[in-house]
Amino acid sequence: MNVLFGSPALHALVLGVGIVSALLGVTSYFIWFERKFAGRMQSRIGPKHVGPYGLLQPIADAFKLLIKADITPDTADRALFNLAPLLAVCVALLSLAVLPLASGLVIADLDVGVLFFLAAGALTVVPTWMAGWGSNNKYALLGGMRAIAQSVAYGVPLVLAALVPVILSGSMKLSDIVAAQAGGHWFALWPPGPGLGAGVLFVLASLAEGNRIPFDIPEAESELVSGISTEYTGMKFGMFYLGEYVHSLVVAALFVTLFLGGYDGPGPDVLALQLLWFVLKVSLVSVLLLWVRWSYVRLRSDQLMTLCWKYLLPSGLLLVAASAVWVWWTEQGGSR
Amino acid sequence: MSVIAPLLDALRTTIRNLGRKPITAMHPFEPRTRAPRYRQSFALLHEANGDEACIGCKKCEKICPSEVIVVGTAAKRESPATGKKRGWADDFTLDLQACIVCELCVQVCPVDAIVMVRVPNAPGFEREDLFLTMKRLYENEALPHAPAIGSSMIASHNPAPASQAQAAAPAQEPGT
Amino acid sequence: MAMSAHATAHTSQAKAAELPRVPTPAIGPRANPYLDADSFEGEGDLMVLNMGPQHPSTHGVLRLKLWLDGEVVIKAVPYLGYLHRGVEKLLEKLSYVQSTPIVDKNDYVASMTNELALVMAFEKLEGCEVPRRARYLRTICAEMQRVASHLLWLGTFALDMGGALGGGTTAFMYCLRERERILDLFEELTGARFHYHMMQIGGVRHDLPVGWDVHMKQVAADIRARIPEYESMLSANPIFRSRTKGIGRIDARLAMELGLSGPNLRACGVDFDLRRSQPYAAYDEIEVHSALAYEGDVYARYQVRVAEMYESLRIATALVDGVPAGPIMGRKPIETVNAVKPPAGEAYVAIDSPRGELGCWVVSDGSPRPYRCKLRPPSYHALAALPYLLPGTTIPDVVVILGSLDPIMGEADR
Amino acid sequence: MIGQDVAQIAHERFGLESGELGPSVPRERLLEFASALCEAGYLYLVYISAMHHPATKNGEAEVPARYTVVYRVRDLARGLEFPFRCEVPLGTGVPSVASVWAGADWQEREAYDLVGPVFEGHPDLRRIMLPEDWEGHPLHRDYAINTPHHPWR
């Protein structure tokens with residue numbers, strides 16, 4: 001294992017603290033950017049008053065959420081209710097552990113990295129359901145029900161989509177997958193077809209599995225008031241909010257890693273340049289996701305299930321088969 | 001393709017609007033221009049010779065649908081300016097909290113004493129802040145007021161032939 | 001297209017009322033609104049969910065009591081009255097003159113039409129003629145109000161299905177952006193943005209300001225150019241279509257029996273429009289094409305309303321060019337609270353408000369106050385369809401169906 | 001426009017004269033009359049409303065307090081309207097026409113809630129605008145506008 005600081009434990013600690021705090025900072029400014037972006041898209045201005053261009057708005061928001069009254073309903077299951085928001089953030093951050101930001105810049109480069117983030121992704125439903133059940137509110141309960149159905153369903157195409165780069169690169173280690181794409185051989189571009197399809201499938205499925213916008217059917221403001229977070233106030237609500245955006249960013253980062261060559265880009269292989277490429281790609285994907293999010297209305301929960309079982313699952317199987325055929329064919333023909 | 005094309009269409013619409021100028025009006029940091037007829041708060045007017053115009057006839061009090069106007073009529077006495085005997089109001093209050101801004105009081109005023117001003121009453125922290133006393137109503141006189149005063153409104157409502165020419169070519173309104 | 005106003009303005013002959021094309025429907029299968037939810041046989045108990053009165057999508061303060069099997073609605077009972085202000089009692093207490101600004105507050109997104117219905121009923125009772133200029137102004141106001149109301153409906157409808165953090169808000173903001181310009185127009189004309197007090201017994205209160213017609217035509221042209229943009233986000237969008245097609249289907253017979261009106265009725269294939277069958281104001285001088293759809297589902301209601309926006313813009317633009325000169329009041333000016341004293345009698349007048357047939361039934365006993373004044377709000381009749389439409393649907397559909405009926409609770413509860 | 005065909009039916013089958021306000025149908029035959037209207041094509045229910053007349057003295061004869069329930073139906077295909085009414089003394093029920101027009105359900109509930117006539121045979125006659133424990137009917141002529149009531153919860 002490639003270790004930057006002394007022992008592996010120290011390496012993990014330093015990098016972990018560094019990356020997580022950097023990500024939390026980035027997330028709050030991602031939220032600021034989204035508000036500006038969505039505002040302009042809707043002929044509005046967006047945050048403006050706190051600081052120049054409203055740049056201090058995320059800090060003001062966090063401060064506001066901190067000083068809000070923290071209400072726990074009398075009938076709520078206190079343990080579940082209070083633990084859920086914390087878990088939501090933790091679980092969203094979990095996938096970061098295996099994410100290579102640059103060559104060697106990874107907290108724990110597991111041999112089964114893909115398996116790890118799939119497992120971590122499957123966990124996101126746990127805090128959601130804890131919130132849904134623990135709130136003892138009918139709307140929250142309905143939200144929790146939807147979340148479970150959605151998570152279970154979309155876990156399957158997610159695995160299939162993640163399998164495609166695994167098959168193509170022949171490894172479950174994320175740094176190997178990135179290395180296999182080095183020199184512009186990004187899986188989204190080459191081989192044509194399975195890579196890009198799997199990439200789209202991956203983003204759809206992981207957003208849906210995490211019940212994130214635009215698949216936030218468990219929250220569905222217009223139907224379920226606020227779904228699982230109906231009873232949450234103050235910072236507990238803020239943590240759900242944060243978890244949601246962290247998850248969106250992590251999904252974008254994983255997509256970049258698996259399908260867009262990760263930190264690969266033109267130029268010499270220095271750490272700073274690699275990091276730059278990575279951040280650039282993640283930002284681009286995030287903006288694309290924002291654009292989509294602010295352009296479409298929401299599907300109904302049962303239609304989302306239909307989409308998953310009837311369309312995404314078969315196409316996922318097809319993509320896996322196609323990539324397997326591709327690998328077999330290149331090995332046979334030795335076309336490399 | 002019939003699925004993809006409309007989806008792309010929506011994306012195109014949103015990205016096109018990204019380039020448009022925002023329409024947000026930064027109220028109250030930047031003043032909004034209001035139409036001349038805009039009606040918000042109230043004012044009582046003085047006559048040209050300095051007399052208070054209100055004669056305390058209580059017509060506005062009677063017509064107000066939400067009963068927010070209370071007029072106290074004083075005894076008739078001579079006007080200091082003209083020396084003629086006329087009616088006076090010794091109290092005039094208007095509760096803006098319940099006012100529905102229908103402008104009926106302006107319409108019925110026989111002496112054009114009450115008008116609606118274009119500037120909203122400043123928000124307050126007490127209920128009294130939205131309670132217009134006679135003093136505050138006369139203070140509001142300086143504010144720009146809607147062009148409609150009772151007599152001009154009634155004149156424009158008159159179906160007599162004289163007003164037809166006026167209706168066909170409305171005069172330029174003040175305060176534009 | 002825009003020929004009508006000019007062509008017919010000279011003739012000024014009242015057009016013969018057109019006969020509508022109406023299907024002759026038989027009674028189809030209906031949900032049972034009086035179902036005993038306790039006798040439901042299935043796995044486990046039903047969950048009773050109170051949707052509203054504080055809920056983001058109940059368009060005000062409607063409360064829906066839903067019996068749910070999972071997410072499927074078995075029975076739905078609407079509870080009204082959270083916005084009941086006793087307007088009909090209030091109208092008995094106020095004089096005819098005072099009541100016009102009061103009804104502004106009923107349908108608060110289409111105040112013009114509220115006033116119009118009430119004022120027309122009083123005029124019929126009093127037997128007073130409205131001059132042609134006033135009738136033109138009334139029609140222009142009513143049509144622009146319809147566009148404003150439909151824009152707000154379209155926005156909130158997109159919000160209903162898109163949620164506050166997605167594409168729904170975007171469509172909502174676009175719609176409000178254009179609606180704001182119509183409100184600016186009304187501000188110029190009447191001095192108010194929501195509660196106008198424009199109509200008056202015998203005519204209108206405000207004459208056109210200088211340059212208003214030019215401004216109005218500009219706004220109408222701009223909005224007409226923008227409506228395709230909203231449609232690009234919704235009409236052909238497969239997500240939107242799958243959310244609306246075949247949902248909340250109501251057959252023509254049930255719609256008639258329930259008294260559904262306006263776009264809700266025309267979406268069932270019933271070609272009935274009060275503007276054509278009983279032309280009021282200046283509608284006898286202009287050709288009105290009412291939009292029609294046949295499916296009776298949510299998508300049909302959406303189509304009808306969007307088509308109505310184009311049509312209303314056309315009517316208003318065509319009329320504003322031909323506004324005749326003349327007085328704006330047909331009776332002597334109202335200068336006292338008891339100025340209007342109709343003879344004893346009864347009158348019912350209905351107009352086609354943005355939401356449908358807005359009627360006013362007024363009884364006079366010869367005093368300056370109505371003896372009885374009933375308003376017939378289209379929203380109330382539309383809400384009566386909910387117990388028939390909701391059973392068998394899921395919660396997301398409940399929101400969409402409710403939104404598609406375009407109820408305004410201020411009007412339904414009065 | 002008033003539907004003359006129904007006016008004729010009312011005259012021939014029910015012996016009723018209908019002026020501008022429509023015929024006054026006796027309560028015993030109201031349901032029968034409504035069904036006849038429905039068969040004649042008047043499928044559209046415009047509104048049902050009611051008003052209350054307090055007892056008055058007409059010279060020597062005392063006119064007792066009564067309710068007037070007014071109906072208006074429409075034939076959309078021909079654009080014809082037909083109003084009719086039913087007058088009952090206080091304390092007497094009016095037959096419900098909810099079995100003829102489904103929309104009569106809520107219309108009658110509203111009339112009952114605000115004015116007071118009881119509709120017999122209505123499937124679900126509850127108050128609709130006011131809370132269930134409200135006392136009195138606000139549109140009664142003798143219900144003063146400042147009648148005290150329990151504070152709203």
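Predicted model: local features only at pLDDT ≥ 70, side-chain atom pairs only at ≥ 80, totals over all residues.

Trainee: Why does A:Ile59 count as exposed?

Mentor: Exposed means over 50% relative accessible area. A:Ile59 has 51% relative accessibility, so A:Ile59 counts as exposed.

Trainee: Let's move to chains C and D. How many residues are in contact there?

Mentor: On the side of chain C there are 49 residues, touching 45 residues of chain D. About 4,000 Å² is buried between the two chains, and carbon and sulfur atoms give 59% of that area. In chain C, C:Lys89, C:Tyr371 and C:Tyr380 lose the most area to chain D, together 18% of what that side buries.

Trainee: What makes the pair D:Arg85 and C:Glu346 a salt bridge?

Mentor: The rule asks for a side-chain nitrogen of Lys or Arg within 4 Å of a carboxyl oxygen of Asp or Glu. For D:Arg85 and C:Glu346, the closest N and O atoms are 2.8 Å apart, so the pair meets that cut-off. Across this interface the rule finds 5 salt bridges.

Trainee: And how many residue pairs are in polar contact between chain C and chain D?

Mentor: The count is 22 residue pairs, both residues being at pLDDT 80 or more. Among the elements of chain C that each supply at least two residues to the side touching chain D are strand S3 (72-79) and helix H2 (87-93).

Definitions and conventions: Residues numbered from 1 in each chain as written. Chains lettered and ligands numbered in written order. Heavy atoms only, no water. Buried < 20%, exposed > 50% of the residue type's maximum accessible area, 1.4 Å probe, protein only. Contact = heavy atoms within 4.5 Å. Buried area = accessible area lost by both parts, 1.4 Å probe. Polar contact = N/O pair within 3.5 Å; in protein donor to acceptor, adjacent residues only side chain to side chain. Helix = DSSP H or I, 4+ residues; strand = E, 2+ residues; numbered from the N terminus.
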